[in-house]
Amino acid sequence: MTTAPPRPAAQLSSPVVRQANALDAAALHALSRQFFRCGALRERPAGHYAAEAADFLVAELPGDAPAGCLGLRTHPDEPHGPAAVLYNFCVSPGSQGRGVGSALLRSALAQAAARSLRAVFTATTGSGELFLRHGFTPIALELAPLTWVNALDPRRGSTVLARTLN
């Protein structure tokens, strides 16, 4: 009888997602900074992560610095009903492919549903594959929160996606 070799502990552990706080600001900025350089994220000053800590979810793997983060901002006074926008979504290169992005996205969608929001929007410069797997679809800009749409940089060539919540 043969047995499979044991899997490393890091592969056995699921990411833990929690609400960020101001003490996470430096780590979130450091995590995000590597994505500023390649243009995948809009650059934000370090103080943004402390001032807007309530927006952020943090994913952690055992023994690691934050493995990923995601901002969820509510837009309550929209013509089509209250909605949310996902922003600053990033997963450290060493944590990619380990369920971190999916865990963050599931947590954000659960928070949005708990707030009775009608939809969640995001913009991506990548393929959007993760969002598509989680029920997002491309949408017309006029359906998204106006203040957020007006802040999008058209030079980035982002695709806007949304997921309706029930």
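1. Basis. This is a predicted model, in which local features need pLDDT of at least 70, side-chain atom pairs count only at pLDDT 80 or more, and totals for chains, interfaces and linings use all residues. Residues are numbered from 1 along each chain as its sequence is written, and side-chain values use heavy atoms, with hydrogens and water left out.

2. Elements. The protein has 6 helices and 7 strands. These are DSSP runs, numbered from the N terminus: helices are H or I with at least four residues, strands are E with at least two. Along the sequence the pattern reads α-β-α-α-β-β-β-α-β-α-β-α-β.

3. Overall dimensions. The C-alpha trace spans about 65 × 35 × 30 Å along its principal axes. For 166 residues, a compact globule would have a radius of gyration near 15 Å; the protein has 17 Å, which agrees. That radius is taken over C-alpha atoms, and the globule rule is 2.2 Å times the number of residues to the power 0.38.

4. Surface and contacts. The accessible surface comes to about 8,900 Å², and 56% of it belongs to carbon and sulfur atoms. Areas come from the Shrake-Rupley method with a 1.4 Å probe; for residues, only the protein chains shown count as cover. Of the 166 residues, 42% count as buried. Buried means under 20% relative accessible area, exposed over 50%, and partly exposed in between (1.4 Å probe, protein chains only). Among contacts with a separation of 6 or more, 68% are between residues 24 or more positions apart. A contact here means heavy atoms within 4.5 Å.

5. Two strands count as paired if DSSP finds at least two bridges between them.

6. Strand 4. Is strand 4 largely enclosed or left open? 9 of its 9 residues are buried, so strand 4 is largely enclosed by the rest of the structure. On one pairing, 7 bridges join strand 3 to strand 4, and the two run antiparallel. Gly 71 stands opposite Tyr 87 in strand 4. On another, strand 4 (residues 83–91) and strand 5 run parallel, joined by 3 bridges. Here Ala 83 stands opposite Ala 119, and Ala 84 stands opposite Val 120.

7. Strand 5. In strand 5 (residues 119–124), 5 of the 6 residues are buried, so the strand is largely enclosed by the rest of the structure. Strand 5 also pairs with strand 7 (residues 159–164), in the antiparallel sense, over 6 bridges. Val 120 stands opposite Arg 163, and Thr 122 stands opposite Leu 161.

8. The crossover. Strand 4, helix 4 (residues 100–114) and strand 5 make a right-handed β-α-β unit. Right-handed means that, with the strands pointing away from the viewer, the path from the first strand over the helix to the second runs clockwise.

9. Most residues other than glycine have a negative phi. Asn 88 has phi near 50°, a positive value. Asn 88 lies in strand 4 and is buried, at 3% relative accessible area. Ser 116 has phi near 60°, also positive. Ser 116 sits in the loop between helix 4 and strand 5 and counts as exposed, at 59% relative accessibility.

10. Glu 43. Glu 43 is in the loop between helix 2 and helix 3 (46–51). Glu 43 is exposed, with a relative accessible area of 62%.
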